[in-house]
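I opened this entry to note what I looked up, item by item.

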Amino acid sequence: MALRPDLDIISGWITPGSRVLDLGCGDGTLLAYLQDNRQVTGYGLEIDDANIVKCLQAGVNVIQTDLDAGLSDFQASTFDYVVMTQTLQAIYYPHKLLDEMLRIGREGIVTFPNFGHLQTRLQLGFGGHMPVSKFLPNEWYDTPNIHLCTVKDFERLCSKQGIHILQRTVVDHTHKTSLGMRLLPNLLGEIALYRFRRK
Amino acid sequence: MPETLPPDSVGLVTPQSLHFDTPLQLDCGRTLPQYDFVYETYGELNAAHSNAILICHALSGDHHAAGYHSMADRKPGWWDTCIGPGKPIDTNRYFVVCPNNLGGCKGSAGPTSTNPATGKPYGPDFPIVTVKDWVRSQAMLADALGISQWAAVIGGSLGGMQAMQWAIDYVDRIRHAIVIAAAPRLSAQNIAFNELARQAIMSDPDFHSGHYYEHGVIPRHGLMLARMLGHITYLSDDVMRSKFGRELREGKLNFGFDVEFQVESYLRHQGLSFVEHFDANTYLLMTKALDYFDPAIDFNNDLAAAFQQAKAEFLVISFTSDWRFSTARSREIVKALLESGKHVSYAKVNADQGHDAFLLSIPYYLDVFTSYMKREVTT
């Protein structure tokens with residue numbers, strides 16, 4: 001089975017044999033793939049019962065916990081990478097969690113839906129309603145996404161927090177990129193992927 | 001009583017017994033020169049002897065973990081929800097061993113068994129045993145059964161403490177430790193409850209400093225109180241409310257001190273039935289084993305250091321309404337395992353049944369347990 005394209009991009013960023021902590025690891029697909037193909041060891045953190053069971057079935061070490069309760073169980077500098085895919089926007093304090101990621105890990109990797117995408121801007125600017133799209137499918141009143149941001153917002157936050165961006169890729173909801181997305185990431189990218197570390 | 005045995009039951013089982021003549025050195029400094037071990041087994045040991053699982057019982061448990069002793073039994077073994085064909089501890093795949101711990105009162109050497117030195121029951125002279133002593137004695141049993149390494153050591157509550165101690169003391173003899181509704185050591189509050197239970201027993205006029213067998217009595221009232229107290233800590237406030245509420249047995253207040261509320265009736269019933277099949281001296285010993293358990297103490301109170309040498313993989317499970325050993329206590333175990341870089345998974349099960357939840361059929365709990373057990377491939 002082919003790996004989800006965004007996870008494929010991320011696994012390409014991860015050095016074989018590293019220690020990885022996956023925040024909001026879902027069904028454990030990424031960690032299972034990294035364990036099998038990149039000799040990675042690590043843990044996933046997840047809150048959902050059904051996902052915990054899937055992680056256990058996949059042979060992934062998983063800890064049932066709420067990311068909003070913090071990461072104080074983890075000691076400083078114990079992981080090579082702390083990964084968080086499509087979860088940043090659902091966290092109470094994203095800026096604090098980014099700091100925590102870099103306390104625990106040498107590098108951080110995050111992906112999030114880019115709220116600056118053209119379609120989103122058009123829906124809000126001309127439609128006058130909260131955007132709903134393939135990569136942001138939830139209605140405003142029923143969404144886990146409480147801290148949506150744009151590519152520009154994220155990079156501003158990084159700069160403010162003293163975080164150095166090592167790598168950026170933007171893709172559409174099928175996780176393909178294009179020349180346009182590379183030139184105008186905040187306008188044409190639907191999903192943003194970043195690798196970063198402390199300055 | 002089952003008319004026919006359920007298909008997912010291990011069926012009719014017979015306890016077995018082994019006698020050991022090799023002296024067992026105990027933490028208290030004393031030695032047990034010889035002892036009997038009573039245990040049950042379910043499933044078949046494979047040719048490689050690699051599919052054996054050790055079940056460790058909790059405070060009032062025993063070797064009868066699953067199945068029935070006879071068709072007249074009212075209830076199966078204490079962990080029948082989790083042990084059997086197709087259950088989380090699948091007896092189609094595993095050979096399951098459950099001993100009665102030393103100090104117990106169900107056949108293994110303990111206060112009720114005969115002291116070879118005197119020809120009389122040990123009574124209060126049976127040495128105080130610790131979790132480490134139990135693990136050491138279980139290793140002797142494993143040797144006798146030809147099991148050099150357990151696929152898993154599994155237990156809830158005090159049983160989970162034994163699973164942890166196994167992973168620390170016998171790093172090469174355990175592949176997985178499953179630690180359910182346990183704690184890395186008792187809190188002052190836990191010890192306080194145990195002390196109250198002991199005082200209830202020891203202050204009973206029929207206790208006779210533990211020599212009650214010779215007087216032909218048992219400290220019935222004290223043991224009953226101890227059990228009633230225990231039961232309060234095993235249940236959550238929520239489950240007590242939903243089970244009993246403030247319901248009155250006779251529908252009205254009688255302005256007296258007899259049983260009026262249903263919860264009183266329930267506790268008295270639990271206490272009274274317990275007295276008939278459990279020994280007071282054993283109860284004292286078991287609570288002491290709980291109080292003394294503290295694997296970090298040999299490692300400067302650093303639990304992560306205690307786990308450092310462990311090679312086992314861990315599954316830790318806790319229950320949200322358990323206030324005897326709360327989820328926070330399980331998280332302490334998980335934190336230490338993370339710090340020492342061990343393979344560990346942790347599930348927090350939503351359950352309103354309190355500490356007793358680990359014995360019950362809760363779908364998510366059984367899913368987690370089953371999924372983890374399937375990971376362990378036996379050859």
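**Interface of chains A and B**

I looked up polar contacts first: across the interface of chain B and chain A the rule finds 11 residue pairs, both residues at pLDDT 80 or more. A polar contact is a pair of N or O atoms within 3.5 Å; within protein, one must be able to donate a hydrogen and the other to accept it, and residues adjacent in sequence count only if both atoms are side-chain atoms.

I then asked which elements of chain B supply the side that touches chain A. α9 (327–339), β14 (344–349) and α10 (363–375) of chain B each give at least two residues. Helices (H or I, at least four residues) and strands (E, at least two) are DSSP runs, numbered from the N terminus. That side of chain B divides into 9 nonpolar, 4 polar and 7 charged residues. Here Ala, Val, Leu, Ile, Met, Phe, Trp, Tyr, Cys and Pro count as nonpolar, Asp, Glu, Lys and Arg as charged, and the others, Gly among them, as polar.

I noted the basis of the values. This is a predicted model, in which local features need pLDDT of at least 70 and side-chain atom pairs count only at pLDDT 80 or more, while totals for chains, interfaces and linings use all residues. Residues are numbered from 1 along each chain as its sequence is written, chains are lettered from A and ligands numbered from 1 in the order in which they are written, and side-chain values use heavy atoms, with hydrogens and water left out.

Next came the extent of the interface. I found 20 residues of chain B in contact (heavy atoms within 4.5 Å) with 18 residues of chain A. The buried area is about 1,700 Å², and carbon and sulfur atoms give 50% of it. Buried area is the accessible area (1.4 Å probe) that two parts lose on being put together, summed over both.

**Salt bridges**

How many salt bridges does the rule find across the interface of chain B and chain A? It finds 1. A salt bridge is a side-chain nitrogen of Lys or Arg within 4 Å of a carboxyl oxygen of Asp or Glu. D73(A) pairs with R331(B), the closest N and O atoms being 2.6 Å apart. I checked D73(A): at 14% relative accessibility it counts as buried. Buried means under 20% relative accessible area, exposed over 50%, partly exposed in between (1.4 Å probe, protein chains only).

R106(A) and D80(A) also meet in a salt bridge, 3.7 Å from N to O. R106(A) lies in strand β5 (residues 105–113) and D80(A) in strand β4 of chain A, so the pair ties together parts 26 residues apart in sequence. Both are partly exposed, R106(A) at 45% and D80(A) at 25%.

**Cores**

The largest nonpolar core has 118 residues, and L23(A), F154(A) and Y283(B) touch the most other members. A nonpolar core is a set of buried Ala, Val, Leu, Ile, Met, Phe, Trp, Tyr and Cys residues joined through side-chain atoms within 4.5 Å. Another core, of 59 residues, lies apart from it and includes W13(A) and F369(B).

**A loop residue**

H49(B) lies in the loop between β4 (35–42) and β5 (52–56) of chain B. Its side chain has a polar atom 2.6 Å from the backbone oxygen of G146(B). H49(B) and G146(B) are 97 residues apart in sequence, yet 7.2 Å apart in space, C-alpha to C-alpha.
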